[in-house]
Structure formats: structure tokens, C-alpha cells
Amino acid sequence: MVLFRSLFILTMTGFSFAAYSLIRPLFGTFGFEFNTFIKSAGAVLVLGIFVVWLIPMVDLHIGIF
């Protein structure tokens, strides 16, 4: 179970990193700007909503058995 949860967190971290890396250039700025960071982080959160339903799946098999 610990391995599965660790892999799940690692996968979510990788997804967030990849999404942020691909979304940030779409705002057309270079360097660090707080406004761009907030926009990009918001877009990553919106894109990550579809995987929220996966969180209860971690303990689904325990509930079944």
C-alpha cells in the first residue's frame, strides 16, 4: 500500500510538473513573474481536477474486501 501511494504521489507530481512546464510558455512571458505563476498554477489545478476522482481509488480494494 505504501508503494502504491508513493507511486500515485510521484505520478501526480510528474503530471503537475509537465502540465506547468507546457502551460507557462503559453502566457508569452520570460523570467519569473508572480502573475504568470498564478495563472499557470491555476491552469494546472483546473487540468488536475479530472484526476481527483482517483484519490478514493487508493482504498477502494480495502473497502471491497
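Ser-40 sits in helix α2, where helices are DSSP runs of H or I with at least four residues, strands are runs of E with at least two, and both are numbered from the N terminus. The model is predicted: local features need pLDDT of at least 70, side-chain atom pairs count only at pLDDT 80 or more, and totals for chains, interfaces and linings use all residues. Residues are numbered from 1 along each chain as its sequence is written, and side-chain values use heavy atoms, with hydrogens and water left out.

With a relative accessible area of 0%, Ser-40 is buried. Buried means under 20% relative accessible area, exposed means over 50%, and partly exposed lies in between (1.4 Å probe, protein chains only). Neighbours within four places in sequence aside, Ser-40 contacts Tyr-20, Ile-23, Arg-24 and Phe-27; contact means heavy atoms within 4.5 Å.

## Overall architecture

The protein has three helices and zero strands. Its radius of gyration is 15 Å, well over the 11 Å that the globule rule gives for 65 residues, so the protein is more spread out than a compact globule. That radius is taken over C-alpha atoms, and the globule rule is 2.2 Å times the number of residues to the power 0.38. Along the principal axes, the C-alpha atoms fill a box of roughly 50 × 20 × 15 Å. The order of elements from the N terminus is α-α-α.

Of the 65 residues, 14% count as buried. The protein exposes about 5200 Å², of which carbon and sulfur atoms supply 80%. These areas come from the Shrake-Rupley method with a 1.4 Å probe, and for residues only the protein chains shown count as cover. Among contacts between residues at least 6 apart in sequence, 53% join residues at least 24 apart.

Helix α2 covers residues 34-48; at 1.5 Å a residue its 15 residues should span 21 Å, and its end C-alpha atoms are 21 Å apart, which agrees. The expected span is 1.5 Å times one less than the number of residues. The buried residues of α2 are Thr-36, Ser-40, Val-44 and Gly-48. Seen down the helix axis, these buried residues fall within an arc of 105°, so they line one face of α2; the arc is that of the directions from the helix axis to the C-beta atoms. The buried residues of α2 pack against α1.

Thr-36, also in helix α2, counts as buried at 4% relative accessibility. Not counting residues up to four places away in sequence, Thr-36 touches Arg-24, Phe-27 and Thr-29. On the face of α2 turned away from the buried side are the exposed residues Phe-34, Leu-45 and Val-46. Val-46 has a relative accessibility of 57% and counts as exposed.

## Aromatic pairs

A pair of aromatic rings is described by the distance of the centres and the angle of the planes. Rings of Phe, Tyr and Trp (its six-membered ring) pair if their centres lie within 6.5 Å; planes under 30 degrees apart count as stacked, over 60 as edge-to-face and the rest as tilted. The count by this rule is three aromatic pairs. One of them is the edge-to-face pair of Tyr-20 and Phe-37, at 6.2 Å centre to centre with 65° between the planes. This pair links distant parts of the chain, with Tyr-20 in helix α1 and Phe-37 in helix α2, 17 residues apart.

Tyr-20 is partly exposed at 23% relative accessibility, and Phe-37 is partly exposed at 33%. The rings of Phe-32 and Phe-37 have centres 6.3 Å apart and planes at 40°, so that pair is tilted. Phe-32 counts as exposed, at 65% relative accessibility. Ring pairs join Tyr-20, Phe-32, Phe-34 and Phe-37 into a cluster.

## Separations along the chain

Met-12 belongs to helix α1, residues 2-23, and is partly exposed with a relative accessible area of 25%. Its C-alpha atom is separated by 8.7 Å from that of Val-51, 39 residues apart along the chain.

Met-1 lies in the segment before α1 and is partly exposed, with a relative accessible area of 40%. The C-alpha atoms of Met-1 and Leu-60 are separated by 12 Å, the two residues being 59 apart along the chain. For Val-46 in helix α2, the C-alpha separation from Met-57, 11 residues apart along the chain, is 20 Å.
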